[in-house]
Structure formats: structure tokens, C-alpha cells
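Subject: A structure for you to look at

Hi there,

Here is the structure I promised to pass on to you. Please open it and have a look around before you read my notes.

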Amino acid sequence: MIPLLIGAGVLAAAGFSARWNWWRPKQDGIPILMYHKIGDPPAGSKLGKLWVSNAKFREQMAFLSNNGWHPIVLRDLYAFWDKGTPLPPKPVLITFDDGYLNNYTEAFPIMRDFGFRATLYVVVGTIAGDNRWHDPASETRIPMITWPQLRELQKAGWEIGSHTMNHPRLHKIDLQQVAVEVEQSRAAIASELGQTPDSFAYPYGAGEEVPAVVDAVKKAGYRSAVTVHAGKWPLERLQAMPFNMPRPFVRGDENLFDFHLNLTRGKCRF
């Protein structure tokens with residue numbers, strides 16, 4: 001009986017180690033958390049992992065607050081790199097991709113309760129519309145944020161970055177169209193918000209490892225770009241490679257232990 005119990009314990013421990021990255025050493029660097037939608041997924045959604053419930057999101061923000069994490073935005077990194085402006089202890093970047101209305105109606109009030117800011121990457125061509133790049137067979141069309149709401153977020157200290165005009169897979173379109181996507185979105189945000197965005201997020205992460213695509217983002221005038229690859233880089237590596245900044249994806253089916261591992265290891269699971 002005892003050998004069976006020991007064997008079961010060994011198997012359980014092996015499974016725990018295979019599922020989570022708890023055994024990996026803590027990584028230096030600033031975690032850049034990637035979110036998409038806050039709230040409950042619509043019935044029939046096949047992309048439920050993109051949704052973090054209000055209760056879970058509030059729990060995560062409370063975890064940051066209670067454990068001494070200080071959310072910053074990309075401009076704070078530039079000030080550190082350019083002028084040596086000190087960063088707060090345990091800095092973390094909270095980012096949202098796409099620009100859903102629920103980022104404003106659900107995430108913003110919760111973050112405001114904690115005095116937190118975030119960086120929001122918007123698909124400019126869908127502002128005040130819906131997420132038309134999604135196949136409705138897998139994800140219900142839902143409302144996107146509006147320009148007045150973006151101005152309110154900006155006034156509250158949020159940073160607005162570009163996620164292209166139309167959310168294409170940049171490595172599958174010609175380079176002339178890539179330039180249009182990254183340049184026009186930057187110009188439109190600058191025109192509407194009075195502040196030129198310096199940060200970019202690759203839709204789907206597509207093109208983040210294609211030199212010609214990365215070069216187009218640089219030529220458009222951005223100072224940084226975030227990817228969908230999990231990980232954490234120390235400040236000096238972020239500064240040296242600011243167009244491939246890694247981000248752990250915060251999934252809706254994860255718990256606070258996963259969240260802790262994302263913050264400290266750069267990823268929580270395999």
C-alpha cells in the first residue's frame with residue numbers, strides 16, 4: 001500500500017512539474033502582462049481563454065497591489081532609458097490588445113480603484129465598431145472602444161499604442177501594405193488623441209520575427225513593439241531589443257498561482 005501511495009505521489013509531483021513552471025528560477029526583468037477581454041465570454045465562444053472575468057481580474061490587481069508591484073507604461077521605460085528617471089520598485093507593465101469596449105467599461109474601473117495604469121493597443125480601423133477580424137463562427141462580434149473613451153483613458157494616465165489599422169497577419173501581406181498598416185494607424189492615433197504613439201503590438205504576434213516587418217515598424221517611428229512570446233527580459237536587454245519585447249499571456253482559465261509564475265518566471269505553463 002505504501003509503495004502505491006509513494007508512486008502516486010511521485011506521479012502527481014511529476015504532473016505538477018510538467019504543468020507548471022514553479023521549479024524554474026525566478027527571472028530578472030519587468031513582466032509585461034498581455035490581456036485581451038475582461039468580463040464573461042458570450043455563449044458559444046470558442047476563444048474563452050481570451051476572457052478574464054471581472055472577479056478574477058480584480059483579484060489579480062489586488063495581488064499586484066498587496067505584493068508591492070507598481071504598474072508603469074512604456075513612456076516610463078523611455079524616461080528611464082533616456083534620462084535615468086528612476087522606476088518604482090517591482091515595476092510591471094499591464095497591456096491590453098485590440099481595444100475592446102470592455103477594456104473601458106470593465107477593466108478601467110477596477111484598475112482605477114487601485115490607482116493603476118495600462119497600455120492599450122488599438123486596432124484603429126475598428127474603433128467604435130466591432131472585432132470584424134474574428135470569424136463569428138468561433139467568436140461573437142462585440143463592441144470596440146470609442147475615441148472619446150480613449151481620450152478619457154489617456155487623461156487617466158493610460159498609454160495608447162497601435163495594433164495596426166485592420167489586425168492583419170503582417171507576415172502574410174506585402175511590405176507596402178505592412179507600411180500602410182503601421183504608419184496610418186500611428187498617424188490616426190496621433191491626430192485623434194494629440195499624442196503620437198511610440199509602442200506597437202504585432203497582431204497575432206505575426207511578423208514579430210520577420211526582419212522586414214520589424215524594420216517597417218521601426219521606420220514608422222515606433223520606439224518599441226511587444227510580442228506574444230512569453231518571457232521576461234532584464235532592462236538592458238529590453239533596451240537593446242525593444243522591438244521584440246516578450247509578454248506572458250494572462251488566460252481566463254488560470255489561477256493566482258499561474259499569475260504569480262507569470263510575474264516571477266515569465267510564464268506559468270508549457
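Predicted model: local features only at pLDDT ≥ 70, side-chain atom pairs only at ≥ 80, totals over all residues.

The largest pocket has a volume of about 280 Å³. Which residues are closest to its centre? They are His-36, Leu-50, His-134, Tyr-204 and Phe-249, out of 16 residues that form the lining. By type, the lining of this largest pocket has 9 nonpolar, 4 polar and 3 charged residues.

**Helix pairs**

A quick word before the examples: two packed helices are described by the angle between their axes and by the distance between those axes.

Let's begin with H2 (residues 54-66) and H4 (residues 101-114), which pack at about 25° with their axes 10 Å apart. Angles under 35 degrees count as roughly parallel, so H2 is roughly parallel to H4. The crossing of H2 past H4 is right-handed. On the H2 side, the contact is made by Asn-54, Phe-57, Arg-58, Met-61, Ala-62 and Ser-65. H4 brings Glu-106, Ala-107, Ile-110, Met-111, Asp-113 and Phe-114 to the contact. Sorted by type, the residues of this H2 and H4 contact are 7 nonpolar, 2 polar and 3 charged.

H2 also packs with H9 (residues 256-265): the two axes come within 11 Å and cross at roughly 50°. Are H2 and H9 parallel or oblique to each other? With that angle, they are oblique. Here too the crossing is right-handed. The contact of H2 with H9 consists of 5 nonpolar, 2 polar and 1 charged residues.

The last pair is H5 (residues 147-155) with H6 (residues 175-193), where the angle is about 75° and the axes are 10 Å apart. Angles of 65 to 115 degrees count as roughly perpendicular, and therefore H5 is roughly perpendicular to H6. From H5, the contact involves Trp-147, Leu-150, Arg-151 and Gln-154, while H6 supplies Ala-188, Ile-189, Glu-192 and Leu-193. What types of residue make up the contact of H5 with H6? It has 5 nonpolar, 1 polar and 2 charged residues.

Enjoy exploring, and write back with any questions!

Best wishes

How values were computed: Residues numbered from 1 in each chain as written. Heavy atoms only, no water. 1 Å grid on protein atoms, 1.4 Å probe; cavity = no way out; pocket = protein on both sides within 12 Å on 5 of 7 lines; lining within 4 Å. Points joined across faces, edges and corners; volume = space filled by probe spheres on them. Nonpolar A, V, L, I, M, F, W, Y, C, P; charged D, E, K, R; others polar. Axes fitted to C-alpha atoms, helices over the stretch in contact; angles between N-to-C directions. Helix = DSSP H or I, 4+ residues; strand = E, 2+ residues; numbered from the N terminus. Parallel < 35°, antiparallel > 145°, perpendicular 65-115°, else oblique. Left-handed = near helix turned anticlockwise from the far one by under 90°. Contact = heavy atoms within 4.5 Å.
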